[in-house]
Amino acid sequence: MDRVITARRVATLVDGFDRSPAYAGLADALVLLIGDGRIPVGSRLPSERELTEELGVSRTTVTRAYAGVRDAGYAEARQGSGTYTQVPGGPARAHDRALLPRQSDRAAIDLNCAAPFAPPQIATAYAEAATRLPAYLGGHGYFPAGMPELQAAIAALYDERGLPTDPAQVMVTPGALSGVSIVAQALAGRGDRVLVDSPGYPNAAERIRNAGARLAATEVDPGGWDLDATVARVRQVAPRLAYLIPDFHNPTGLLMSDEERERYAAELRRAHVTAIVDESHQQLALEGQEMPRPFAAYAPDAISVGSVSKSFWGGLRVGWVRAPLEQMERLTSARVTLDLGVPVMEQLATVQLLEDPLATLEPHRTRLREQRDALAAAVRAALPDWSFRLPAGGLSLWCELPGPSRGLGIAVADEAERNGVIVAPGPVFAPDGGLDRFVRIPYTRRVDELEQAVAAIAEAWAVVTARQSTVSRSRGRVMVA
């Protein structure tokens, strides 16, 4: 059955489009909506007459707008049927062969990657960046520490959060993960122990391991941090560094309170441990709540890493390191052995977005909240025996399977993949193994895709529990978020 989008829905989505001239503004708005998925590929657009009436514009305006969308490659006219959305190159143009290497992946719903689609402000930011770019073409284009205006914009974010920051304390990086690599390269000696969470973000743990450090895991429970156990672990292993995600922890979605931050920071100071604080999800508070102070407000020697990849878009490869001034020279020396800076165009686009971050963040958070609630409702309905804690922010549900579920997390993920859904089982997030009774489900896809995915996962769960499988083959997938 054809997917149909109503004229009223289109009018809501294009509200406020540029009317100078109206046909061009409407065409640009439709191209953006189709490109970012808010109008799904394969949808039949409303007739010209219906949209004309809904928008209150001339028939000629809609006719010329549809022609512009077709000329741009984002729609096709089907004789006697109407105008249908498409994307240039087909849906596979958005697939990376490293992330989705199998032919069957092309049609799958990818929930292995917890990263949202681009909000509409991204395209505007790039367009504005292109107008600013010529002013930089007379120079060499290298900014190992970052463009000064972007350093200042990032420092201002910390100032607003109650952590005074000199722009010289900021190094711009191609994402938060690169920031972790730089810090590990600079501060972790070969054989040094580094404390990491279990579950935790696997790529960061691997970057730290690749720097020559030895990982020491500390457990994060589904209901919160057990700081008594963490403190005991710090005293037991005497780590050099501790990598932590206090803001909507990946994958659990937990938010560390001010009191917990203060206690944890005091213990790390006592043990002479430097904290690497991953703040990639810090701007993704979905309930309008006031966020705790930055961890570095309680640990002046802490090094924070952040990114716009989760708060804005993963394709905008811009992150940062915020560190004490006395560490910046050491970090810069490590950085230039890894890369020489972020592309100027990306930095200019980020500057544009940070001039008014709430204009992008508020609708982005609204969409994520709607998707989170829809996913939670679907899981409760289709998988009532599964348990999860509804996160107040971040990007995913951390689902616990019922009963003695040894090996079933991997088995469910394998079976779900046969049903066309790619999802990450708990062991992916366990530095020392285990956690095979958990599955992470991100809410970063459209609501209809999430509901379809949960139905497929529920079918997989029924198959797996019927045969009580303990499949243990390697997952073998690349994870980026």
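Here is a short tour, stop by stop.

**Ground rules.** This is a predicted model, where local features need pLDDT of at least 70, side-chain atom pairs count only at pLDDT 80 or more, and totals for chains, interfaces and linings use all residues. Residues are numbered from 1 along each chain as its sequence is written, and side-chain values use heavy atoms, with hydrogens and water left out.

**Colour by confidence.** pLDDT is the predictor's confidence in each residue, from 0 to 100. The chain averages 90, with 92% of its residues at 70 or more. Now select 93–101: pLDDT stays under 50 there, and the model has 18 contacts beyond four places in sequence for this stretch (contact means heavy atoms within 4.5 Å). Residues 469–474 also stay under 50, with 11 such contacts.

**Go to the core.** Select Ile154, Tyr264, Leu268 and Phe295, the residues with the most contacts inside the largest nonpolar core, which has 50 residues. Apart from it lies another core of 36 residues, including Leu368, Val379, Tyr443 and Val454. A nonpolar core here is a set of buried Ala, Val, Leu, Ile, Met, Phe, Trp, Tyr and Cys residues joined through side-chain atoms within 4.5 Å; buried means under 20% relative accessible area, exposed over 50%, and partly exposed in between (1.4 Å probe, protein chains only). Back at Phe295, show its neighbours: among those it touches are Leu244, Met256, Arg261 and Val277.

**Jump to serine 81.** It sits in the loop between strands E3 (75–78) and E4 (82–85). Helices (H or I, at least four residues) and strands (E, at least two) are DSSP runs, numbered from the N terminus. Which side chain does serine 81 join through a polar contact? Tyrosine 84, at 2.8 Å. A polar contact is a pair of N or O atoms within 3.5 Å; within protein, one must be able to donate a hydrogen and the other to accept it, and residues adjacent in sequence count only if both atoms are side-chain atoms. Serine 81 has a relative accessible area of 34%, so it counts as partly exposed.

**Check the backbone.** Most residues other than glycine have a negative phi, and most peptide bonds are trans. Select serine 20 and proline 21: the peptide bond joining them is cis, with omega near -5°. Serine 198 to proline 199 is cis too, with omega near 5°.

Last, the positive phi values: alanine 238 is near 50° and leucine 435 near 60°. Buried or exposed? Alanine 238 is exposed at 58% relative accessibility, whereas leucine 435 is buried at 19%.
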